[in-house]
Amino acid sequence: MTFFPLFLFSFFSTRRTNTTMFCCLSLIYFLSLTSFTEAKISSKIGINYGQLGNNLPSFSKSIQLIQSLKATRVKLYNTDPHILNLLSKTKLQVSIMISNQEISLFSSNQTFVDEWVRTKILPFYPKTKIRFLLVGNEVLSYYSDQDKQTWVNIVPAMYRIKRSLNAYNVKKIKISTPLAMDVLESSFPPSNGTFRSDISQTVIKPLLSFLNRTKSFFFLDVYPYFPWSSNPTQIQLDYALLRRSNTTYTDPSSKLTYTNLLDQMLDSVSFAMEKLGYRNVRLVISETGWPSSGDFDQIGANIYNAATYNRNLVRKITSKPPIGTPARPGAVIPTFIFSLYNENQKGGPGTERNWGLLHPNGSRVYEVDLKGEQKESEYKKLPMATNNTPYRGKIWCVVAHDNVVNSTDLGNAVTYACGQGNGTCDAIQPGKNCYEPRSLMSHASYAFSSYWKQFKEKGATCYFNGLAVQTNKDPSHGSCKYPSVTI
């Protein structure tokens with residue numbers, strides 16, 4: 001998942017790369033390309049099964065829970081053989097993924113790819129209904145020089161995988177790669193959707209060619225929460241939550257009228273594809289959802305909004321006949337909700353750990369029928385939202401007392417915070433105002449608050465690998481005044 005404001009437009013740097021390897025592989029591949037027929041695509045809902053938690057149920061229990069949610073698809077972020085074996089006993093359609101770090105090897109070594117397919121796919125397929133093989137995750141959202149080199153390896157890796165699948169007579173597995181909305185340079189109005197200049201010709205166009213010829217899908221991670229939360233005064237909340245309202249937007253160029261933000265975002269990508277000559281490549285929503293909780297400064301992250309968004313999403317996607325989008329009316333858009341669980345080991349802001357439909361103990365965060373059959377009136381009443389307007393006030397960063405704190409981990413975190421300079425921990429030195437009480441917990445809370453105050457504007461979060469949490473209750477005592485962030 002990639003975070004960025006998306007409503008007006010975003011600009012990214014330009015970089016062109018060599019595509020010789022891709023051209024050679026594409027020529028070899030298409031000389032032996034097997035023709036595909038257009039298969040009927042289901043509009044049923046899938047779910048993303050992430051595993052970044054130290055308190056999650058077993059694989060077998062997790063699969064039972066996925067089925068209890070009435071999901072028909074599951075998307076994995078790996079190729080774990082234990083999970084694939086368990087899934088063979090279900091009717092769930094499965095998407096698997098190779099890591100970003102593996103892409104370069106896949107793109108350069110056919111022998112390796114053949115062996116990988118033989119050992120990772122063939123023992124389970126077709127009993128396990130593997131339908132998609134995804135090459136990396138949001139690869140184009142990373143900007144180190146090494147990551148940029150990986151960009152041009154994505155499509156060659158796909159060709160090698162496809163060649164190997166064909167050699168083993170595996171015909172039903174489609175290949176793609178999930179991308180975030182930041183692949184766009186311009187997204188507003190939707191008709192102005194344009195891919196970033198640094199990837200448009202060198203990566204996206206070859207990718208679209210591959211997807212088009214193999215009748216695969218453009219996998220897109222699309223989160224209306226992010227553009228809305230970045231511009232809550234410009235974008236109506238109901239418009240972002242897919243709620244029926246009087247709020248509409250008419251694109252001045254296409255003259256298409258939009259009733260929700262999700263359609264705007266999807267169509268901006270469709271128009272961008274059309275500009276490159278690939279208007280018919282189909283879309284899959286590989287991730288979408290809404291956080292049910294977050295930090296004090298994260299507007300709109302609550303159970304009411306999360307349940308509302310996902311329920312409305314399910315109704316839209318599973319509608320019969322299909323609704324599609326204004327630019328693609330009637331199109332079926334396979335969709336995976338993010339995510340199965342709240343995952344406590346995900347870093348970043350508080351929302352990152354609160355996208356799940358389920359708590360780690362397997363109970364539901366809120367009710368949602370993924371088949372889209374349950375009426376809104378049949379659901380239990382949701383708790384009212386209390387943070388749909390920006391928080392105003394002071395916030396401190398303290399030790400998360402509800403966690404079982406490992407003193408070694410906590411000590412290392414304090415060492416890190418205090419080691420950043422700027423007098424971060426001067427007040428907890430002997431003889432200073434916050435030295436007493438002489439406890440690791442007390443000193444850690446001061447160090448966390450001081451560090452966060454100084455470095456929040458540079459991207460620092462109040463997390464410390466799960467050891468810290470935000471609070472609006474002042475932990476100061478006597479002459480010891482804890483630094484705070486004012487929102």
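Are C397 and C462 buried or exposed?

Reply: Both are on the covered side: C397 is buried, and C462 is buried too. Here, buried means under 20% relative accessible area, exposed means over 50%, and partly exposed is in between (1.4 Å probe, protein chains only).

Before we go on, a word on what you are looking at. This is a predicted model, in which local features need pLDDT of at least 70 and side-chain atom pairs count only at pLDDT 80 or more, while totals for chains, interfaces and linings use all residues. Residues are numbered from 1 along each chain as its sequence is written, and side-chain values use heavy atoms, leaving out hydrogens and water.

Now to your pair. C397 and C462 are joined by a disulfide, with an S to S distance of 2.1 Å; the term covers a pair of cysteine sulfur atoms within 2.5 Å. Turn the view to look along the bond: the torsion about S-S for C397 and C462 is about 95 degrees, so this disulfide is right-handed. C397 belongs to strand 14 (residues 394-399), while C462 is in the loop between helix 14 (440-455) and strand 15 (468-471), so the bond ties together parts that are 65 residues apart in sequence. Helices (H or I, at least four residues) and strands (E, at least two) are DSSP runs, numbered from the N terminus.

How many disulfides turn up in a search of the whole structure? The search finds 3. Another one links C418 with C425, whose sulfur atoms are 1.9 Å apart. The torsion about the S-S bond of C418 and C425 is about -85 degrees, so that disulfide is left-handed.

The remaining one to visit runs between C434 and C480, where the sulfur atoms are 1.9 Å apart. With a torsion of about 105 degrees about the S-S bond, the disulfide of C434 and C480 is right-handed. C434 sits in the loop between helix 13 (407-418) and helix 14, and C480 in the loop between strand 15 and strand 16 (485-486), so parts that are 46 residues apart in sequence are tied together. C434 and C480 are both buried.

To see how the bonds are arranged, count the bonded cysteines along the chain: the pattern is 1-5, 2-3, 4-6.

Rings of Phe, Tyr and Trp (its six-membered ring) pair if their centres lie within 6.5 Å; planes under 30 degrees apart are stacked, over 60 edge-to-face, and the rest tilted. That rule gives 25 aromatic pairs. One of them is the edge-to-face pair of Y49 and Y341, with 6.3 Å between centres and 70 degrees between planes. Y49 is in strand 1 (residues 45-49) and Y341 in the loop between strand 13 (335-337) and strand 14, so this pair links parts of the chain 292 residues apart. Y49 and Y341 are both buried.
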